[in-house]
Amino acid sequence: MASQPVIRIRATWVVGYQDGDHRLFSPGELVYQGSVVVFVGQNYVGRVDEEIHAVNTLVGPGFIDLDALGDLDTTVLGFDNQPGWTKGRVVAADWQRRDLYSREELNFNKLYAYTQLLLNGITTAVPITSILYRQWAEDIDEYRHAADVAESLGLRAWLGPAFMSGHNVVEAGGQIGMRFDEQRGLAGLEDAERFIEEMAARKVSTLRGFLAPDRIEGCTPGLLAALSETAKRHDVPVRLHCCQSELEVNEIHQRFQGRSSLQVLADFDLLHKKMLLPHGQYLGGKSATRDSITRDIRLLVESQANLVLCPLVSGRHAKYLEQYLPLREAGVTMGLGTDTFPPDMLANMHLGTILSRVVTQNVQAASAADYYRMATLGGAKALGREDLGRLCAGAQADITLISLDEPAMGQIFDPITALVINGNGRDVRGVIIAGEKVVWDRQLVKRQIDLEQLHRQAQRQFERLMATYPERSFQHPPLDKLFAHSFTVNPPT
Ligand SMILES: [Zn+2]
């Protein structure tokens with residue numbers, strides 16, 4: 001270690017960590033050697049081999065994305081074309097499931113998405129992709145490649161193929177049903193377990209395996225029981241979408257003898273401090289009462305399970321965490337996820353603050369600092385990593401440099417407030433992960449990527465995927481009936 005250079009960043013603002021919380025230093029210094037921070041504060045007196053001057057810049061911990069968009073996103077199609085179940089957001093029961101992406105396209109999606117995460121200052125990602133375009137769920141080869149991509153770019157990631165034993169369909173009559181195949185779910189879990197072992201054997205300090213069952217209503221009791229055993233055997237994080245939709249809550253009520261989603265997880269011993277739960281919006285089960293909501297919050301508190309809030313995706317679906325204040329008061333750990341395009345943590349912090357205030361009708365319910373904590377310390381706690389999400393001696397050197405120098409940033413009194421309300425991911429200038437520069441001057445540096453070319457290829461791939469929507473969608477309407485433009489488009493003359 002002694003041979004590695006000592007690097008000091010001097011910045012107008014540095015977000016250090018002291019006495020259990022972030023703290024601002026202005027001007028500030030951050031010193032790291034190898035992958036580890038050795039000093040944060042002012043007037044470092046030790047040897048320095050390299051200096052970085054970050055003028056009009058906020059130097060802070062990298063963001064932790066617990067539901068990181070790891071895919072080409074299709075929200076632009078559905079945003080104004082609703083309801084989603086008529087537009088391919090739930091597959092038609094008569095669709096013979098098949099892979100709509102080639103292996104090369106799946107691989108490209110990883111490169112594209114992980115690059116976007118880094119450019120937005122996300123240093124730790126727990127990626128997620130859609131299972132709508134697949135023969136079933138994800139496979140192990142896809143994640144072997146994902147690990148190669150993450151390693152080549154320098155992204156810190158928890159990776160694992162999604163698996164499921166069932167999924168929603170739109171029945172011929174237009175009602176929502178389910179299709180199950182428990183064996184496929186169990187086989188997917190076995191692959192996921194093998195992948196965790198492979199990741200451990202790979203011994204890359206920035207890569208870990210985790211368990212990613214797709215969503216609670218897609219799990220049969222057999223799969224939940226097996227998942228619980230596997231999670232205990234490997235002591236890894238598990239992410240399971242639950243308390244996400246009314247459809248889910250009703251489905252769980254019906255299939256699990258009137259239990260709420262969180263009760264079902266508790267029954268299978270799946271509520272624990274390594275559990276990551278997007279999105280926590282429907283607590284208390286079907287026909288929730290004050291008592292059933294309080295009971296569910298208590299389950300979260302006692303188990304120390306973690307909620308993953310994704311303000312942008314939730315807001316786009318006209319929903320947010322109504323129980324934000326009681327959850328916060330009870331001390332439930334909350335981290336953030338991007339989950340949709342753009343994977344912009346600053347935008348999510350801003351919107352999260354706004355939505356928290358709106359759903360609680362309380363302007364003091366949430367602050368910029370609260371959401372900044374969630375994007376850093378909250379995510380680190382959820383992953384059980386006290387050395388992430390903060391900058392202090394001994395922590396990992398996962399660092400973002402965000403410019404405060406843009407006219408669009410407006411006027412600055414407090415840099416965190418300015419970033420959260422006026423900034424966006426495009427203000428991220430530099431990203432360092434485990435002491436290694438991965439983004440500098442908005443360009444990928446560890447693996448050089450032509451961002452223009454990446455963008456063009458993503459557009460072509462999006463257009464190919466879009467063309468497959470009629471095949472999967474209820475009653476198979478042609479594309480122009482599925483998705484209308486915002487205004488009438490005049491044809492070329
Ligand atoms: Zn999600």
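Where does Asp235 lie? In this predicted model, Asp235 is found in the loop between helix 5 (221-234) and strand 15 (238-239). The phi angle of Asp235 is near 50°, which is a positive value in a residue other than glycine, and Asp235 is exposed, its relative accessible area being 52%.

**Backbone features**

Asn56 also has a phi near 50°, again a positive value in a residue other than glycine. Asn56, however, is found in strand 5 (residues 50-61), and with a relative accessible area of 32% Asn56 is partly exposed. The model also contains cis peptide bonds, one of which joins Gln82 and Pro83 with omega about -5°, while another runs from Phe341 to Pro342 with omega near 0°. Pro83 lies in the loop between helix 1 (75-78) and strand 7 (91-92), and Pro342 lies in the loop between strand 18 (333-336) and helix 11 (345-360).

The table sets out the relative accessibility of some of the residues discussed in this report.

| Residue | Relative accessible area | Class |
|---|---|---|
| Asn56 | 32% | Asn56 is partly exposed |
| Arg134 | 4% | Arg134 is buried |
| Asp235 | 52% | Asp235 is exposed |
| Ala393 | 55% | Ala393 is exposed |

**The zinc site**

The zinc ion has as its protein donors Asp67 (OD), His241 (NE2), His279 (NE2) and Asp339 (OD), which lie 2.1 to 2.5 Å from the ion. The angles among the 4 donor atoms run from 83 to 174°, and the site is classed as irregular. Four donors count as tetrahedral only if all angles lie between 85 and 135 degrees, and for four tetrahedral donors the ideal angle is 109.5 degrees. Along the sequence, the donor residues follow the spacing D-x173-H-x37-H-x59-D. Because Asp67 lies in strand 6 (residues 63-69) and His279 in the loop between strand 16 (275-277) and helix 8 (290-303), the pair ties together parts that are 212 residues apart in sequence. Both Asp67 and His279 are buried.

The protein is divided into domain 1, which comprises 1-62 + 389-449, and domain 2, which comprises 63-386. The C-alpha centres of domain 1 and domain 2 are 29 Å apart, and 35 residues of domain 1 are in contact with 33 residues of domain 2. Between them the two domains bury about 2,700 Å², of which 64% is on carbon and sulfur atoms. Of the area that domain 1 buries against domain 2, Arg390, Val420 and Arg447 supply 21%, more than any other three residues. Across this interface of domain 1 and domain 2, the rule finds 3 salt bridges. Arg390 and Glu386 meet through their side chains in a salt bridge, with an N to O distance of 4.0 Å.

**Two loop residues**

Ala393 is found in the loop between helix 12 (368-382) and strand 19 (399-403). Leaving aside neighbours within four places in sequence, Ala393 is in contact with Val37 and Val38. The C-alpha atom of Ala393 is separated by 29 Å from that of Val149, a residue 244 residues apart from Ala393 along the chain.

Arg134, by comparison, is found in the loop between strand 8 (122-128) and helix 3 (140-153), and Arg134 counts as buried because its relative accessibility is 4%, a value under the 20% cut-off. Not counting residues up to four places away in sequence, Arg134 touches Trp95, Arg97, Arg98, Asp99, Leu106, Thr129 and Glu142.

Technical notes
Residues numbered from 1 in each chain as written. Predicted model: local features only at pLDDT ≥ 70, side-chain atom pairs only at ≥ 80, totals over all residues. Heavy atoms only, no water. Donors = N, O, S within 2.8 Å, 3.2 Å for Na, K, Ca; no water. Tetrahedral: all angles 85-135°; square planar, octahedral: opposite > 155°, others 65-115°. Helix = DSSP H or I, 4+ residues; strand = E, 2+ residues; numbered from the N terminus. Buried < 20%, exposed > 50% of the residue type's maximum accessible area, 1.4 Å probe, protein only. Contact = heavy atoms within 4.5 Å. Domains from an automatic or database assignment. Buried area = accessible area lost by both parts, 1.4 Å probe.
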